[in-house]
Amino acid sequence: MRLSELKTGQKAYITKVNGSGAFRKRILEMGFVRGQEVRSILNAPLKDPIKYEIMEYEVSLRRSEAVMVEISVLASDARGLTDLSEQLPEEEGLQNGHPLLYTGNGQGNGAAHTEKNIRVALVGNPNAGKTSIFNLASGAHEHVGNYSGVTVNSKEGRLTHNGYTFTLTDLPGTYSLSAYTPEELYVRKHILEEKPDVIVNVVSASALERNLYLTTELIDLEVPVVIALNMYDELEQSGRTFDHKTFSELINIPMVPTVGKRGEGIPQLLERVIDLYQQSEHTHVQVPYGRVPEKSIAIMERELAVTDTPRWKMPLRYVGIKLLEGDKEMERQVRQLPEQEKILARRDKERAYMEKLLREDPESAFTNARYGFIAGGLKETLSEKIHFTDNTKLIDTLVTHKYLGFPLFFLFLWVMFEATFRLGGYPMAAIEWLVGQLGNLVRGHMAAGPLKDLIVDGVIGGVGGVIVFLPNIVILYLFIAFMEDSGYMARAAFIMDKVMHCIGLHGKSFIPLIMGFGCNVPAIMATRTIESRSSRMITMFIVPFMSCSARLPVYILFVSAFFPSSGSLILLGLYAFGILIAALTARLFRNTLFKEEETPFVMELPPYRMPTLKSVTTHMWDRSRQYLQKMGGPILMGSIIIWFLGYFPYNQERETAFDKQIEQAEMQLAAGRISESQLEESISGIEHLRNTEHQVNSYIGRIGHFMEPVMRPLGFDWKISVSLLSGMAAKEIVISTMGVLYTGDSEDQQSLQQRLQTESHADGKPVFTPLVITGFLLFVLIYFPCIATIIAIREESHSWGWALFSVFYSTGLAWLVAFLVFQVGSLLM
Ligand code: GDP
Ligand code: MG
């Protein structure tokens, strides 16, 4: 029987996992090993994927993947995990009465450390609480989230405790150290090359069995490890007991219970780290792989020992195990040796031998043995669950419900946008008023001249126009932080998988896409959690169509100036259009540029956790700070540059000519030939002309006119074109540029909205017609978000070519869409 045939609510035992490569490896590591009990919990609203419970945690699989797993409803059919005692190597290792203990130098350098600086790396499964511990220990503000893949690159932090300085590195979460995903490779490299003094293995006590799998790999590496038994509160709440002292002795690794989100146990953890650091000699256990594999390992070790041994920065036993497991990265390293042929031939022979004797491929044999080792240890030490108050199950029956799942999800998104737009409107008005007051104050108190113009129009006008959107950004991030922290994000990926599948992607791609609504840069970095390169590349290209929060100010400005009553609807429409473009692009790329297979949908669904107020507010504060920094840096620079380009060259003759005209008008008033109001009218006419003349002749005017032939078919005037161009640096600059360019005619400080509303062509027709606004907003939506995003794409794709491709593709598409809107619209109207 296949796992996919298992009815909802039923349980069965795994007998075999078929398939190959990354999928098979991943699914084995996630605990789908022979004899393991598995339960089908529910189907996603679109019937696919399916959520299973295994080893006390929840994981989702696509139907097409569940087919690969063979099951039996009878426990006896699934020969259980190999018994530990039968597996012990014969005569070796009976030291200190401990059956598995070895004295090795592993990574230890033999001498006790005397320096007071300890380098510690945090290693563990996604969601085990590494970042929480990292933050609490080092006082950093890294982003925690109840979703795998929140930490995508390593972060360093420092702290002191008991006179020692600790340099902590927060590494991305991994389920194992095989070389299938970039994270796994990254973590393995970090451990082997950076050689941290001590590794803190953060283990979630609420899913011990699976979490300890990674620990067995660390044991193989023979590195100094301390285990942080995190989420200890959850273990206690479920009413179980875990005799961690005994277990700790069995694996010979110190274990310290911690509660990462409250900081409990961290001082004790650091003290254990110091203890381990001071030890001159490390003893370590060996995971017993059973007679047959052990024999092959020994042979491989002997084979490897003739090579240039010191070049292996890891134990030969580990190299042997990885080779036998078919690890590609290890094979690549061996291929660089002169003895490569002999070693690899031997490896193939041993693999064949193992397969014949064990009637199971070496990959499963090793995984089974590791899980067998863990299960053996836990059998004696971990008691059964008592309390089954499972909120997670309850919430999940609602949010992944057949009929309610999607409506609830879209309701959530709607509330998110509504709050961003409406709620954000109040503080926004207040900030706008303040900026206006500040402008008037400076205007009233400074002597006329270029400096005054620079400060009022360039600095206050430019930066002020952008700063008013801070509240919107804060609110949007509040929602995204909540979604990530609670665990709902993973459910979004779960219910969206079938839909994403239609555009050739994976539910996991959905998360970077959602994050893209916040900022495209971290979103593009988040694509690292997608295993397959082709899916990752496609996701990277479509992330920019997810309208980021920097574009929001532009929309809000125009929507509130021109269509105030249907604001939310238009916003939602824009976002939806971006999604549509993304979907079409994904399909197009999947069918042309990236045709290869996609990756499996093996994804952990973490239990719901109430986000702590602290983590949500930290996240929000961080974003606001980043936004303000952007304000002070690039946006200020951008506004000043744009102002300069717009102000110069300064034509004294022309200015004097206009001044004369005004003087003449005033004289006419004095002579009684015109009335007070007539004077005002003519002055404002003259000022308007002066402004237009000036801008047209300025550098920016010249750039704009240069672009005009390209932009004219879209109905954009040169000011719009220049604003769009300046938005390359950051989208908010579109607004600050408009703030500088659309100075308005009146002497009072008008808000930018008012200025845009009254802006007209020379013939008196308004510049911003509904068609132009639609085209403009779509252009802003579609063309590439900012230089930072392009740099992120280059970093993640390792290619300038793809980064430039993204620029041209998105800008070309933006132009085409705006062109169609304007031309077709003009025909119809
Ligand atoms: P990482 O992926 O390993 O970096 O994990 P995070 O630090 O991002 O934490 C994952 C989730 O677990 C977050 O929602 C944390 O608030 C939560 N969390 C962390 N430590 C604990 C803990 O000890 N107990 C409980 N109940 N939750 C925790
Ligand atoms: Mg993290």
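Modeller: Let's begin with a term: buried means under 20% relative accessible area, exposed means over 50%, and partly exposed is in between, using a 1.4 Å probe and the protein chains only. Residues are numbered from 1 along each chain as its sequence is written, while chains are lettered from A and ligands numbered from 1 in the order in which they are written. This is a predicted model, where local features need pLDDT of at least 70, side-chain atom pairs count only at pLDDT 80 or more, and totals for chains, interfaces and linings use all residues; side-chain values use heavy atoms, with hydrogens and water left out.

Biologist: Thanks! Is Glu56 buried, exposed or partly exposed?

Modeller: Glu56 is in the loop between β3 and β4, where strands (E, at least two residues) and helices (H or I, at least four) are DSSP runs numbered from the N terminus. Its phi is near 65°, a positive value in a residue other than glycine. With a relative accessible area of 37%, Glu56 is partly exposed.

Biologist: What is the phi of Lys47?

Modeller: Lys47 belongs to the loop between β2 and β3. Because its relative accessibility is 44%, Lys47 counts as partly exposed. Its phi is positive although the residue is not glycine, with a value near 75°.

Biologist: On to the whole protein. What percentage of its residues is buried?

Modeller: The secondary structure amounts to 35 helices and 14 strands, and the C-alpha atoms fill a box of roughly 120 × 60 × 55 Å along the principal axes. Contacts (heavy atoms within 4.5 Å) with a separation of 6 or more come, in 75% of cases, from residues 24 or more positions apart. Of the 829 residues in the protein, the buried share is 57%.

Biologist: Which residue's side chain joins that of Arg62 in a polar contact?

Modeller: Arg62 is in the loop between β4 (57-61) and α2 (63-66), and it counts as buried because its relative accessibility is 3%. A polar contact is a pair of N or O atoms within 3.5 Å; within protein, one must be able to donate a hydrogen and the other to accept it, and residues adjacent in sequence count only if both atoms are side-chain atoms. The Arg62 side chain reaches the backbone oxygen of Leu505 at 3.4 Å. Its side-chain partner, at 3.1 Å, is His501.

Biologist: And which residue's backbone oxygen does the side chain of Asn201 reach?

Modeller: Asn201 is part of strand β10 (residues 198-204) and counts as buried because its relative accessibility is 1%. Not counting residues up to four places away in sequence, it touches several residues, including Gly124, Leu214 and Ile227. The backbone oxygen that its side chain reaches, at 3.1 Å, belongs to Val123.

Biologist: How far apart are the end C-alpha atoms of helix α35?

Modeller: At the start of α35, a side-chain oxygen of Ser799 comes within 3.1 Å of the backbone nitrogen of Gly801. The buried residues of the helix, among them Tyr809, Leu813 and Phe822, pack against α23 (533-542), α25 (567-591), α33 (770-782) and α34 (787-797). The expected span is 1.5 Å times one less than the number of residues. For the 29 residues of α35 (residues 800-828) that should be 42 Å, which agrees with the end-to-end distance in the model, 42 Å.

Biologist: Which helix supplies the largest share of the shell around ligand 1?

Modeller: Of the 21 residues around ligand 1, those coming nearest are Asn127, Lys130, Thr131, Ser132 and Gly260; a residue is near if one of its heavy atoms lies within 4 Å. Both α4 (130-138) and α7 (232-237) supply at least two shell residues. The largest share, three residues, comes from α4.

Biologist: How much of the surface of ligand 1 does the protein bury?

Modeller: An oxygen atom of ligand 1 is 3.1 Å from an N or O atom in the side chain of Asn230, and a nitrogen atom of the ligand is 2.9 Å from one in the side chain of Asp233. Another pairing puts a ligand oxygen 2.7 Å from a polar backbone atom of Gly260. Taken alone, ligand 1 exposes 580 Å², and the part buried by the protein is 97%.

How values were computed
Accessible areas come from the Shrake-Rupley method with a 1.4 Å probe; for residues, only the protein chains shown count as cover.
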